[in-house]
Amino acid sequence: MSHQFPAIIVVLPLVVSFFIFFSGWWVKRAGYPLAVGALICCVFLSFAILLAVLGKGPIHYWLGGWEPPWGIEYRIDHLNAIMLVLISGLSMLVAVHAKKSVERELPAKTALFWSLFLLFVTGLLGICITADLFNLFVLLEVTSLSGYALIAMGEKKAVFAGFRYVVIGTMGASFYLLGVGYLYIATGSLNMADLSQLLPELINSKAILAGFAFILIGLSIKMALFPLHGWLPDAYTYAPSAVSAVVAPLMTKVMAYAIIRVMFTVFRAEFPISILQVNDLMVWFGTLAILFGGVMALSQRDFKRMLSYVIIAEIGYIVGGIGVANVTAMQGAIFHIVNDAVMMACLFLVAGLVMYRTNGHRIADFKGIFRTMPFTAFVCTVGALAVIGVPPTCGFFSKWYLLLGGIQAHQWGFVTALLVSTLINVALFFRVFDKGLYVHSNKKGPDIAGPSNNPYAGEAPLSMLLPAVILALAILLIGIFNQFIVTNVIHFAVPVGL
Amino acid sequence: MSDLFSIAYRPVWTVIIPSVVALLILFSGKRPNARESWTLIGSAALCYTVLSMSPVVLKYGPIQFIWFNLLPGIDFAFKVDALGLIFATTSACLWILVSIYSIGYMRTLKEHAQTRFYFSFALALLGAMGIAFASNLVTMFVFYEILTISTYPLVAHEESPEAITAGHKYLAYLLTGGVFFLIAILVTYFWVGTTDFSYQGILKPALSSTSKFTLQIVFFCFLLGFAKAAWMPVHSWLPSAMVAPTPVSALLHAVAVVKAGVFGIIRIVCHIYGIDLMHTLGLGLVLAAIAAFTIIVANFYAIGQNNLKRMLAYSTINQLSFIILGVALLSPMSITGAMLHIPFHGFMKITLFLCAGTITAITGKKTISELAGVGRILPVTLGAFLIGAFGMSGVPPLAGFISKWHVALGAVESGYLFFLLIIVVGSLLDVVYFFPVIRSAFFAKVPEDETLKGDMEEKVDVYAEKIRGIESRRALYLFMIVPLAITAIFSILLCLFPNIFSIYDLAQTAVKNIFGGV
């Protein structure tokens with residue numbers, strides 16, 4: 001049974017997704033328990049896979065028994081095992097959280113929401129598990145299409161934001177497909193392991209070069225790497241809060257994963273680094289993304305929009321870390337993929353909690369949350385400190401590896417950008433804290449905006465709050481046990497050849 | 001079970017106690033008396049724990065405790081040594097007194113958000129303990145940031161625009177400093193692969209792989225990282241933070257924050273760079289010059305102040321640089337003096353702040369020029385103030401004398417007689433700025449209540465309320481007066497018997513460790 005897990009983890013949410021869609025015509029309420037049930041199964045499966053990988057090394061799974069390179073192969077090593085855990089864990093928590101907010105924000109479309117939600121997760125899991133470039137494209141499209149639909153379900157402006165995302169996202173996917181096409185023409189293979197055997201001989205071919213460039217640009221668009229980020233802020237701001245809580249942390253991180261795969265598994269490390277030296281370019285784009293994202297985030301009044309720009313900056317961290325291209329920085333980049341997903345999910349859940357109480361997600365809506373919603377405020381504090389990079393939250397440790405890698409490689413521009421971004425994040429999040437902490441400027445005595453006067457006083461329902469609290473604790477625990485995670489998992493996830 | 005309370009686990013308790021207290025405070029926010037008793041019980045327990053470690057450390061050497069592995073080659077670990085104990089003893093002892101005092105002060109003024117206040121205070125103590133006992137730079141950094149962030153709500157406690165601005169300034173200076181600290185730690189780690197404090201310093205091997213100039217730059221990064229020590233020109237957050245309630249000022253100036261800064265500088269100079277390397281790089285003289293500059297300039301600033309607490313803030317800046325000067329002279333005597341000045345200045349400065357707070361809480365007066373006649377209304381308070389003020393300028397028989405004497409001896413020992421001059425001039429100027437306070441409090445003519453007569457009709461209500469207010473304040477008066485009397489008495493006792501809490505022995509042991517038994 002256990003050797004079928006790689007297939008089950010993708011097929012299960014897919015099947016349940018269709019089931020929810022059709023059953024939604026009769027039973028509206030079935031979506032939530034089914035989706036959460038399926039995702040809990042996925043969490044267990046992903047942990048089982050992770051343990052298997054840790055114990056026995058990479059897993060190969062031939063879909064339908066067809067031998068690669070003709071059939072589709074699923075190949076799971078430490079890198080994608082940890083991605084699987086991340087995706088299933090986060091989406092499970094967001095799903096638990098989403099029930100109430102979906103009932104409020106999308107009362108007429110619950111079944112549709114759950115169906116698309118699972119489809120989206122299916123796509124993400126598939127992208128991470130597959131070892132086939134074309135299969136990756138298919139699942140990328142599954143993810144994107146369900147993502148477009150989910151985002152467009154949101155506020156008034158979400159339709160336009162979603163449309164913009166469709167246009168740009170489709171371009172990204174097309175670039176990717178084009179690149180894969182070039183590689184296929186040149187080598188006749190789509191299997192990653194197979195390609196990595198074939199490509200070194202063709203290293204001087206212009207077609208390979210073009211294919212590599214197209215893939216890289218396509219994934220960068222999907223990843224919202226500056227300056228290809230235009231679609232992201234609107235899409236994530238106006239999406240329903242449950243949607244942004246799952247799309248925002250995961251989509252961009254999975255794309256970062258795909259870039260690592262393509263750069264270091266499909267092509268071997270020498271090709272992008274020694275021959276093309278594309279990594280220096282990546283460091284510079286990463287640096288620019290960090291600074292641009294930070295500055296733009298500073299000028300936002302909307303919490304979700306601010307977070308969107310923070311994501312753009314965080315993508316800069318990851319891409320820069322990949323570009324620095326030494327073991328330490330790569331550990332940092334991979335660790336930051338994990339950490340950033342957790343902390344962004346945490347903060348978007350906070351946005352959801354505040355949204356549930358105040359019907360808004362501007363920073364001004366955070367007024368007095370330390371008093372009215374103490375647990376939410378706690379979660380928000382932990383998440384924000386993680387983004388800033390205050391120890392002992394997990395954000396500090398990935399930043400530590402990135403900085404140390406940058407110093408080892410003498411990438412002073414990148415190091416400076418990381419440090420500056422720390423300060424920018426301080427300014428960003430302490431604005432939120434100020435709003436939350438200081439409700440009554442220049443008045444003494446019992447404050448007027450106390451719980452009794454606030455119609456929205458009190459925490460959001462437990463089912464919404466609990467996932468956020470779990471994430472906050474996860475941030476702290478990942479931080480405290482970071483050494484365990486890094487030496488046992490992430491260390492092995494670093495691509496060979498660096 | 002008994003194992004958990006054995007001496008090996010005491011370092012752990014020093015951080016567990018404040019964090020548990022913080023949580024208990026949070027959960028008993030609705031019952032003020034319970035909340036304050038947690039603070040008091042916790043502070044007493046912490047004080048006991050810290051004090052109980054000093055005989056052991058003096059006898060058997062440092063107590064080490066490793067929590068877990070944090071990063072490759074870096075453990076999250078505590079090492080209780082003599083130097084750390086000096087700082088921890090200061091913080092832990094003063095926490096009790098400040099807690100008692102804040103009950104009186106906060107309730108007298110009916111301050112808002114008292115739960116947040118006590119919660120943040122306990123967290124700040126957690127930070128201070130961690131800084132004192134951290135066995136390497138990264139562990140120290142963790143607690144350093146905890147200290148910075150937990151004091152932010154305290155500085156901005158009043159929530160007035162001015163207070164929030166002060167809070168932002170505080171964060172801007174200290175977190176920017178934190179970034180410099182981080183980069184310095186990273187570079188250190190990059191060079192020598194460890195960040196553990198060692199008695200002889202760890203950076204010496206780096207001299208072979210890098211230039212002197214880089215090492216000097218990194219030293220300045222460390223210095224900027226310890227912006228908490230308020231050396232000029234990174235001092236201006238400290239006077240601005242004066243808008244906070246007095247117990248917070250006491251925390252900033254005496255209990256934890258600035259002391260963490262100078263403590264950090266001592267750690268860097270002695271245990272990261274090491275005395276030899278400091279001499280090789282010529283950094284001692286540079287640091288001493290910065291400190292000398294700060295001492296003199298801060299004194300002049302202090303003379304120019306009319307706001308009592310602002311004046312005290314500049315006084316702190318100058319005294320801190322005095323500690324830095326002691327370290328920078330790099331001689332055993334002066335370093336002993338610097339270490340002694342941490343607790344001694346703590347006790348004296350807290351006396352002054354508690355006095356200033358009491359004056360404000362009872363009479364509502366904040367500036368020096370208004371103080372006329374206060375000496376007669378509040379004799380104990382002003383008496384204590386007098387003791388603190390003389391202590392600052394190093395008049396015997398007050399604690400300040402001992403530490404200043406040691407630093408002065410150190411200046412002679414190291415041969416830089418110029419700095420001896422600075423010490424003397426600095427101490428004289430200390431007298432100059434305290435003089436107006438004493439003069440106006442004890443000797444100035446009490447103004448008639450004429451200002452009140454002019455618009456009596458409007459103010460009648462206010463005035464009656466004031467009287468009532470003062471009466472109700474009397475009840476809490478004792479809570480304020482007792483701690484400050486205790487600290488004043490200690491300021492004297494520490495001079496007569498400098499070995500209370502074995503502080504003198506600890507300082508000597510710490511210096512002996514650094515100089516290898518000189």
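Modeller: In this predicted model, two residues are in contact if their C-beta atoms, placed from the backbone, lie within 7 Å. Among such contacts in chain B between residues at least 6 apart in sequence, 79% join residues at least 24 apart.

Biologist: What makes chain B as compact as a globular protein of its length?

Modeller: For 518 residues the globule rule gives 24 Å, and the radius of gyration of chain B, at 22 Å, is close to that value, so the chain is as compact as a globular protein of that length. Chain B holds 22 helices and 2 strands, and buried residues account for 61% of its 518 residues.

Biologist: How do you know that the span of helix 2 of chain B agrees with its number of residues?

Modeller: Helix 2 covers residues 32–60 of chain B, and because 29 residues at 1.5 Å a residue should span 42 Å, the 42 Å between its end C-alpha atoms agrees with the expectation. After helix 2 of chain B comes B:Gly61, which has a positive phi, near 90°.

Biologist: What is the pLDDT over residues 450–460 of chain B, and how many contacts does this stretch have beyond near neighbours in sequence?

Modeller: Although the mean pLDDT of chain B is 85, with 93% of its residues at 70 or more, the value is below 50 over residues 450–460 of chain B, a stretch with 2 contacts in the model beyond near neighbours in sequence. Where pLDDT is low, the predicted coordinates should not be read in detail.

Terms used:
Residues are numbered from 1 along each chain as its sequence is written. Chains are lettered from A and ligands numbered from 1 in the order in which they are written. This is a predicted model: local features need pLDDT of at least 70, side-chain atom pairs count only at pLDDT 80 or more; totals for chains, interfaces and linings use all residues. pLDDT is the predictor's confidence in each residue, from 0 to 100. Helices (H or I, at least four residues) and strands (E, at least two) are DSSP runs, numbered from the N terminus. The expected span of a helix is 1.5 Å times one less than its number of residues. The radius of gyration is taken over C-alpha atoms; the globule rule is 2.2 Å times the number of residues to the power 0.38. A residue is buried if 20 or more other C-beta atoms lie within 10 Å of its own, exposed if 12 or fewer, and partly exposed in between; C-beta atoms are placed from the backbone.
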